[in-house]
Amino acid sequence: MAPRQKNTTLERLSQNDFQSLLQEQVRMAVRLTLVTILEEEVSGLIGALPYERTPERRDYRNGHYTRDLETTVGLIEDLSVPRTRNGHQTQLFDKYQRRRAELDEAISEMFIGGVSTRKAGEVVESLTGSKPSASTVSRVFHTLEGEYEAWKTRPLEDRCEYAFADGTYFTVIYDGEGHKMPILAVIGINVTGQREVLGFTIGDRENQQAWEDLFDDLKARGVQKVGLWITDGNQAMINALEAKFPDSPRQRCVKH
């Protein structure tokens, strides 16, 4: 049975809300990346990893302080910055501000498309101002890869009251040029009104296979029933919904 449809104006989740929720996930990625590199920078300065005993030690950790940071995807509050006993002052934030847009795009690409050692190394070098060692790149890579994969593969509840599916475009940098990258995303709304990005994928365009792959991912992580799908009129998405969630009703969102 095909999803039942009615056209109406929907106030529960606007396109601006949709973009904001995606940007919230990107802010999370920027925060995690900066914190990971800050900790790695201090490890290199000290000459030892946390709790590591080594004769090469040059300093000691001395807790953390917090600061706010303005990014291209919004304000990150209470970013944790490590201290050392000898009072090391990181230059990371100055370097970040000079290349903020480019670095945010690189981090976004890692979060959305998958982390690579090459990309992790480029981000570390941009933020620290020196070419990182292979071991440094490896630790940053594995930390980011693990955190991002844990988020993307987390279990989901078996029922979602509302699911808002839409495609949007982000700009990423390839070979020094900006390119539009389509992001297909599903945002869930539970019975208490809490909104959560359930999953997303990227592709060359909004085709049916890309949507089916995304819906298969949601089902594999636990979503079996959706009370109401909210979509635009994209036919590829509608066809994918009919194939993957044939018993769930669908409402077309009329955007203002």
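How many aromatic pairs does a search of the whole structure find? It finds 8, where rings of Phe, Tyr and Trp (its six-membered ring) pair if their centres lie within 6.5 Å, and planes under 30 degrees apart count as stacked, over 60 as edge-to-face and the rest as tilted.

Before you click around: this is a predicted model, with local features needing pLDDT of at least 70, side-chain atom pairs counting only at pLDDT 80 or more, and totals for chains, interfaces and linings using all residues. Residues are numbered from 1 along each chain as its sequence is written, and side-chain values use heavy atoms, leaving out hydrogens and water.

**Stop 1: a ring pair**

Select Phe-111 and Tyr-148. Their ring centres are 5.1 Å apart and their planes are at 80°, so this pair is edge-to-face. Phe-111 belongs to helix H3 (residues 100-113) and Tyr-148 to helix H5 (residues 134-152), so the pair links distant parts of the chain, 37 residues apart. Helices here are DSSP runs (H or I, at least four residues), as are strands (E, at least two), numbered from the N terminus. Both Phe-111 and Tyr-148 are buried (under 20% relative accessible area, with exposed over 50% and partly exposed in between, using a 1.4 Å probe and protein chains only).

**Stop 2**

Next, show H3 and H5 whole. Which residues meet here? From H3 come Ile-107, Met-110, Phe-111, Ile-112 and Gly-113, and from H5 come Leu-144, Tyr-148, Trp-151 and Lys-152. They divide into 7 nonpolar, 1 polar and 1 charged (Ala, Val, Leu, Ile, Met, Phe, Trp, Tyr, Cys and Pro count as nonpolar, Asp, Glu, Lys and Arg as charged, and the others, Gly among them, as polar).

**Stop 3: Ala-185**

Finally, jump to Ala-185 in strand S5 (residues 177-189). Buried or exposed? Ala-185 counts as buried, because its relative accessibility is 0%. Select Phe-200 again: Ala-185 and Phe-200 are 15 residues apart in sequence but 4.1 Å apart in space, C-alpha to C-alpha. Leaving aside neighbours within four places in sequence, Ala-185 is in contact (heavy atoms within 4.5 Å) with residues including Phe-18, Leu-22, Phe-200 and Trp-211.
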